Structures are given as structure tokens and as C-alpha cells.
Amino acid sequence: MSSDCTEIYRSPCICGSGEVIVEFCTPDHPWPTKSKWFNKSVTCSKCSSEYRLIEQDDKITLVRKSDVEKREARRDEYSKRCNDLLTWPETEKVLGQLETLLDDQPSIAACHRLLHKSALTSESYSSFCRKWNGADEWIEDNVHLYNLGKIIDLLDKHIPLLVDEMEQLEKLRKEQDEFIPYVGEHVIDISHYQEW
Ligand SMILES: [Zn+2]
């Protein structure tokens with residue numbers, strides 16, 4: 001795709017032998033689109049091997065590459081542990097109990113009431129009915145890490161190992177959104193480009 005790019009920032013890099021350059025780009029076709037992006041480059045091999053330009057909090061800033069890599073490693077770990085947790089025998093036990101509980105309900109209306117009351121579904125009864133194809137299928141389609149805690153509350157089955165891992169994952173989730181400290185003076189405000 002071709003594009004229109006405008007240079008919005010150019011300044012010497014940290015060591016001074018190259019430059020930090022940022023361009024603001026939009027597609028150069030006439031139809032309306034929301035897509036826009038920034039080309040970010042450090043034209044110095046020393047600095048580009050040590051630093052990265054990233055977007056955070058409506059700014060483009062120079063940060064340590066090792067900090068970015070640490071955050072990426074935390075993201076990978078978080079996503080792997082989330083997937084793993086859903087296959088733990090303890091999780092399967094909890095989901096098995098949920099399935100039994102739903103199967104024991106006298107009607108689909110009763111299943112909807114139960115899940116609605118526990119904030120496990122926000123669907124209207126008619127839409128819930130249309131999709132309902134048994135408890136096992138509902139569990140397969142709707143259970144994720146973010147609502148596993150609500151299921152545990154509903155069943156009142158607080159397996160310490162599971163609850164502990166969920167707490168650690170929540171901590172990890174918050175850590176991966178942590179702000180990466182800037183290096184040097186390269187702070188480019190891009191807030192007004194966001195509305196373009
Ligand atoms: Zn440099």
C-alpha cells in the first residue's frame with residue numbers, strides 16, 4: 001500500500017553519530033480510513049542496537065531495548081500461563097462441576113438466570129436461547145481466564161492452587177502494562193495525531 005509520510009521529528013541520537021527520525025503516515029488513497037501509523041527510525045547502529053522507539057501514553061519515546069524485551073518476555077509468559085491454566089486438572093474439575101450444575105437445572109431459563117445472576121452472561125434470554133446447545137458447548141465457547149474467578153465464586157470451590165495462580169497471573173497482567181522509562185530527551189508528543 002502506498003502512503004503519504006511527513007517527517008514530524010528529527011534530532012541527534014544519544015551518542016551523536018546518527019539521528020532519531022519519526023514520520024507520520026497515512027494511506028494516500030481518497031476514501032476515508034482511520035488507519036495511520038508512525039515510521040520510527042534510529043539511523044545509528046550503536047544506538048539502534050541498544051534502544052528502541054516505542055509508542056506509549058500518546059508519546060513516542062526512546063527506551064532501552066532490554067526493557068522492551070523484558071516486557072515482551074513477560075507478555076509471552078502471561079499468555080502461556082493463561083492457556084496452561086485452562087487445561088489444569090483443577091480447572092477441568094471446576095468446569096466439570098459447572099457442567100453438572102447447568103445440566104441439573106430444570107430449564108434453559110433456569111440456566112440463563114443462574115449465569116446471568118453470576119455475571120457470566122449479559123445476553124438477553126432470547127439470544128441466550130438461540131445459541132444454547134447444552135452446558136458443555138456453552139462452557140467451551142464462553143469460559144476464559146477472565147471469568148474463571150466468577151465460576152469459582154458461583155460454585156464456591158476455592159481450590160488454593162488455582163486461586164493462587166490466578167492471583168499471580170493478575171499481577172503479571174498488571175506488570176506487562178507498566179510504563180517503560182524513557183532514555184534521554186527524545187519525547188515526541190503524538191496526542192494530536194490520534195484524532196486525524
Ligand atoms: Zn547513536
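Colleague: Which residues of helix α4 are buried?

Modeller: First, keep in mind that this is a predicted model. A residue counts as buried if 20 or more other C-beta atoms lie within 10 Å of its own. In helix α4, residues 108-117, the buried residues are C111, H112 and L115. Look down the axis of α4: these buried residues fall within an arc of 100°, so they line one face of the helix.

Colleague: Which residues are exposed on the other side of α4?

Modeller: There you find A109, A110 and K117, which are exposed.

Colleague: What covers the buried residues of α4?

Modeller: The cover includes α3 (89-103) and α5 (125-131). A119 follows α4, and its phi is positive, near 60°.

Colleague: Let me step back to the whole chain. How many helices and strands does the secondary structure come to?

Modeller: There are 8 helices and 6 strands. Read along the sequence, they follow the pattern β-β-β-α-β-β-α-α-α-α-α-α-α-β. The radius of gyration is 24 Å, well over the 16 Å that the globule rule gives for 196 residues, so the chain is more spread out than a compact globule.

Colleague: What does the C-alpha trace span along its principal axes?

Modeller: About 75 × 45 × 25 Å. Of its 196 residues, 12% count as buried.

Colleague: How many bridges join strand β4 to strand β5?

Modeller: 6 bridges join them, with β4 covering residues 51-56 and β5 residues 59-64. You can trace single pairs. L53 has L62 in β5 as its bridge partner. Q56 stands opposite K59 in β5.

Colleague: How many residues lie between the strands in the hairpin of β4 and β5?

Modeller: The hairpin has 2 residues between its strands, and D57 takes a positive phi near 50°. D58 also belongs to the loop between β4 and β5. Its phi is near 60°, a positive value in a residue other than glycine.

Colleague: Is D58 buried or exposed?

Modeller: Count the neighbours. D58 has 12, so D58 is exposed.

Colleague: Where does D156 lie?

Modeller: In the loop between α7 (145-155) and α8 (160-176). D156 has a positive phi of about 55° although it is not a glycine. With 6 other C-beta atoms within 10 Å, D156 is exposed.

Colleague: Last topic, the core. Which residues make up the largest nonpolar core?

Modeller: Think of a nonpolar core as buried nonpolar residues joined through C-beta atoms within 7 Å. The largest one here has 11 residues in all: C13, V20, V22, V42, C47, Y51, L53, I60, L62, V63 and I188. The elements that give two or more residues to this core are β2 (19-27), β4 and β5. The largest share, 3 residues, comes from β5.

Colleague: What does V42 touch, not counting residues up to four places away in sequence?

Modeller: V42 touches C13, G18, V20, C47, S48, Y51 and L53. Find V42 in the structure and trace each of these contacts in turn. Then return to L53: this core residue is also the bridge partner of L62 in β5.

Note on methods: Residues numbered from 1 in each chain as written. Predicted model: local features only at pLDDT ≥ 70, side-chain atom pairs only at ≥ 80, totals over all residues. Helix = DSSP H or I, 4+ residues; strand = E, 2+ residues; numbered from the N terminus. Arc of directions from axis to C-beta. Contact = placed C-beta atoms within 7 Å. Pairing = 2+ DSSP bridges. Rg over C-alpha atoms; globule rule 2.2 N^0.38 Å.
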